[in-house]
Amino acid sequence: MAAPDELFCWEGAWGLPSVSSDCLTVLAYAQFAGAPLKLRKISNPWRSPSGSLPALRTNQNETLSRPSDIIIHLRKQKFNADFDLSAKEGADSLAFISLLEERLRPALIYNSWVDSKNYVEVTRRWYAEHLPFPLNFLLPGRMQRQQLETLRLLRGDPHLEGGEELEKELYREAAECMDLLSQRLGAHKFFFGDSPSSLDAYVFAYLAPVLKAKLPNGKLQQHLKSLDNLSSFCSNILLLYFPQDTRESGGQKSSSPPQPEGGDFDHVPNKRRKQLMSALVALGAMLSYALLTGILSIQQLQQEALEAPPDLQTLGSRDEDEEGDG
């Protein structure tokens with residue numbers, strides 16, 4: 001029997017199996033279709049076969065990164081969540097997915113990556129805390145630039161910049177898209193009958209982060225929560241297909257670890273060692289950040305070394321002279 005394909009995805013947060021909508025699309029579709037994937041949740045995209053996430057490594061050593069390409073591959077492997085759709089339903093599904101790409105995705109990008117408060121307090125902070133050093137200093141800014149470029153392509157404006165007018169337009173279009181989805185879903189559990197399809201995967205992947213992420217600017221979240229059927233749709237999929245992530249979110253413990261038994265003095269040497277290591281790590285992070293942001297440069301450090309006081313510069317030569325005299 002052939003080994004299962006390997007799926008590399010971003011780790012989860014807020015009770016979601018992944019923080020990435022693209023990863024959520026693939027994860028949801030694979031669950032709906034019953035695809036036996038070997039899942040690898042990671043926090044370093046450079047560890048994936050493509051250098052980006054999501055990434056599917058097939059048992060023929062092919063690598064696919066776009067959610068649509070991964071879904072097509074799974075269908076070819078006979079894992080098809082759209083198998084029971086009629087021709088009309090298939091056409092409706094494609095039309096709604098296009099609507100999501102045109103009207104909802106730009107607002108989601110703006111919500112997480114362009115809105116300064118959301119980006120600084122939540123998005124950048126999450127990636128900075130989960131990426132390994134020194135990528136946590138490099139990748140969040142790079143990812144933000146990539147997302148802004150994607151937004152410009154989606155809007156057809158190479159000079160697009162954030163602002164109040166753009167935000168109003170994007171959020172208005174996103175709200176209209178949610179309203180249409182809510183009307184189409186109605187009182188049904190899924191968009192086409194009793195079984196979820198690719199459209200359900202895309203809608204869940206786009207809306208679940210809006211529903212669950214704790215963003216300071218929650219305008220999109222407020223509108224989504226006003227649509228009870230769409231909110232319940234996302235929550236039901238989480239409970240049905242990702243119960244482990246939901247349980248972990250609901251049962252989160254306090255971030256403060258339990259104190260060891262005994263007094264503080266029982267662990268003084270170990271505490272001092274940890275404090276020293278923390279100080280060294282903090283110093284290294286500060287220096288790396290300074291170098292990466294241009295506050296310091298190698299040339300500047302070298303120049304400062306050359307301009308050091310004479311007694312420090314000649315200390316080594318004096319020692320050598322004394323050893324020679326001896």
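Buried means under 20% relative accessible area, exposed over 50% and partly exposed in between, computed with a 1.4 Å probe on protein chains only. This is a predicted model, in which local features need pLDDT of at least 70 and side-chain atom pairs count only at pLDDT 80 or more, while totals for chains, interfaces and linings use all residues. Residues are numbered from 1 along each chain as its sequence is written, and side-chain values use heavy atoms, with hydrogens and water left out.

Select residues 116–130 to bring up helix α4; helices (H or I, at least four residues) and strands (E, at least two) are DSSP runs, numbered from the N terminus. Within α4, colour Asn118, Tyr119, Val122, Thr123, Trp126 and Tyr127, which are its buried residues, and then show β1 (6–10), α3 (87–114) and α5 (135–155), which are among the elements that cover them, contact being heavy atoms within 4.5 Å.

Next, show the side chains of lysine 117 and glutamate 121, which meet in a salt bridge at 3.0 Å, N to O, the term standing for a side-chain nitrogen of Lys or Arg within 4 Å of a carboxyl oxygen of Asp or Glu. Both residues lie in α4, four residues apart, about one turn of the helix; lysine 117 is partly exposed at 45% relative accessibility, and glutamate 121 is partly exposed at 39%.

Finally, move to arginine 57 and glutamate 6, whose salt bridge has its closest N and O atoms 2.7 Å apart. This pair links distant parts of the chain, with arginine 57 in strand β3 (residues 55–57) and glutamate 6 in strand β1, 51 residues apart. Arginine 57 is partly exposed at 29%, whereas glutamate 6 counts as buried at 13%.

Definitions and conventions
The expected span of a helix is 1.5 Å times one less than its number of residues.
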